Each structure stands twice: as structure tokens, then as C-alpha cells.
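This report looks at charged side-chain pairs. The sequence and the model come first.

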Amino acid sequence: MSLRTLGLLDRAGLRKIATDCGFDVLEDGADWVGAASTQTPLRAWVGLSMHGPVLGLSMSSVLAELPATPMAVQASAALPAAVWIRLADLGSLDRTLLRAWHLSRALPDQLEVRYTERLATLSATEREATVRQRIGQNLFRDGLLTLWRGRCAISGLNVPELLRASHAKPWAASTDAERLDVYNGLLLAANLDAAFDCGLSTVEVDGAIGFSPSLPADARSLLHLVVGVRVDLSPRHEPYLAWHRERVFRR
């Protein structure tokens, strides 16, 4: 299937879709717009056929993850895109191209590249701080496993691999002593840790579980955040939990 020559409005629309999807280096052909990004090695080409928009991508690993059927397209210039896909409309093109951009940064090879690049930007001081944080958090978790007898403070789950050490006053906001104080946090199942960490749940003064109004009732039930559940607290927990209620919890 051949692409049709692009008009000014066609080209402007395709260029806008590409830039909206994260591409910041554009080039024009007679019947396609090429797009590249400084954030990813992915290159893309978008054009229009008689039956709708088409998309060509340079990374076969990305194409393999897209739910579209490959098709043969004849363009006016030889392009690196060996395989093209046809989309139903411009909305589908926009969604597919954005998905492709994200996939190109998340697939295994690209994560390794980004990991290496980020390590190279860290100073010796930053690398040392990262190691110190990892050691400290492991020690904190060991302490919470002991304090809570290896059980989630809310659900009672006793599978260590599924339990997380959740700080009430976050690591970044704490002193070294507070970071390693076992009363500055709770031992929680992974899903409960996520809710507590992002402020969708908290613990009140009396140990009752509080939840944010933005957390739907069905989600509260699945997370075991139900009326009547209480955590057995020490008075030493309260300063940290008060900080959590005031600074983290989404009221």
C-alpha cells in the first residue's frame, strides 16, 4: 500500500502528534513525517494512506509489544522501518505512538542503558549515600520484623517475603536516629505499605486505621482497610504517626 503525499494541514497534524508523544527531533518527507527523541533510540515515521494513518518504528522489540497487525507500505524514500502498522484513526495513532515511546524506554535493553547512564552521573558522595541508605533500610526492616514478630501490623500476614518496612516519617525527612528507630514505622504487607507510603491510609492516635476519602470503598475492602481494624501501638509510635497524619496523609 502506498502513502499519499502530505498536505500542509496533514503534516502539521502529524508533527503535533509526534511532539505530544515525546519526540523532539522531526524531519519531513514527501509522504511521511519522521520523528526521533533525545530520550530514547526509537525512531518513528508517520504517514497517511487511503485507509488511514500508518506508523513505522525502528525497534522491532517495541513493535512486538503493540497490538497491531504489520502491513506492507511503499514510501517515497527508503526508511529504516522494516515493518509498518495501520491505525484506525489519528486518535489511535496518538495512543499507539505514545505507547511505543514509553515501551522504548522500558524494555530490558533500554533499562540497562538508562541504568548505566544514571550511574555515570552519580558522584562518589551520592553513591556512598545510596549504599548507606540501602544498609540502613535493611537494618530497619530487620528491627521491624523483630518488633512485630514477623507479622503485618494490620493484617497479621506472616510471610516475610511479602512484608515491607514502612516509615511513618520518611527517610528523606528523618535524622539518622529517626531513620533507624523501629517506632518510626510499621511492618506492613506490600499492598498496605503502598497505601500508607503514599498517604491513602494512616493510623490514628487510638490505633484505628484511617483512610483517605479518595480511596474507593471497594479498594479499602481489598486492602483490609475496614472499620474496626486497629493496630497495637506503643506510645513511642505517636510522634512519628502524628507527622504522617499531618504531612503525608491525604485528608
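A residue counts as buried when its relative accessible area is under 20%, as exposed when over 50%, and as partly exposed in between. The model is predicted. It holds 10 salt bridges.

| Pair | Closest N and O atoms |
|---|---|
| Arg-43 and Glu-27 | 2.3 Å |
| Glu-204 and Arg-251 | 3.9 Å |
| Glu-238 and Arg-245 | 2.3 Å |

Take the pair Arg-43 and Glu-27, which forms a salt bridge. Arg-43 sits in strand E3, residues 40–49, and Glu-27 in strand E1, residues 25–28, so their contact ties together parts 16 residues apart in sequence. Arg-43 has 31% relative accessibility and therefore counts as partly exposed. Glu-27, at 32%, is partly exposed too.

Glu-204 pairs with Arg-251 at 3.9 Å. Glu-204 is partly exposed, with a relative accessible area of 24%. Arg-251 has 62% and is exposed.

Is Arg-245 buried or exposed? Its relative accessibility is 10%, so Arg-245 counts as buried. Its salt-bridge partner is Glu-238. Glu-238 has a relative accessible area of 23%, which makes it partly exposed.

Finally, a network. Salt bridges link Arg-11, Arg-15 and Asp-28.

Note on methods: Residues numbered from 1 in each chain as written. Predicted model: local features only at pLDDT ≥ 70, side-chain atom pairs only at ≥ 80, totals over all residues. Heavy atoms only, no water. Salt bridge = Lys/Arg side-chain N within 4 Å of Asp/Glu carboxyl O. Helix = DSSP H or I, 4+ residues; strand = E, 2+ residues; numbered from the N terminus. Buried < 20%, exposed > 50% of the residue type's maximum accessible area, 1.4 Å probe, protein only.
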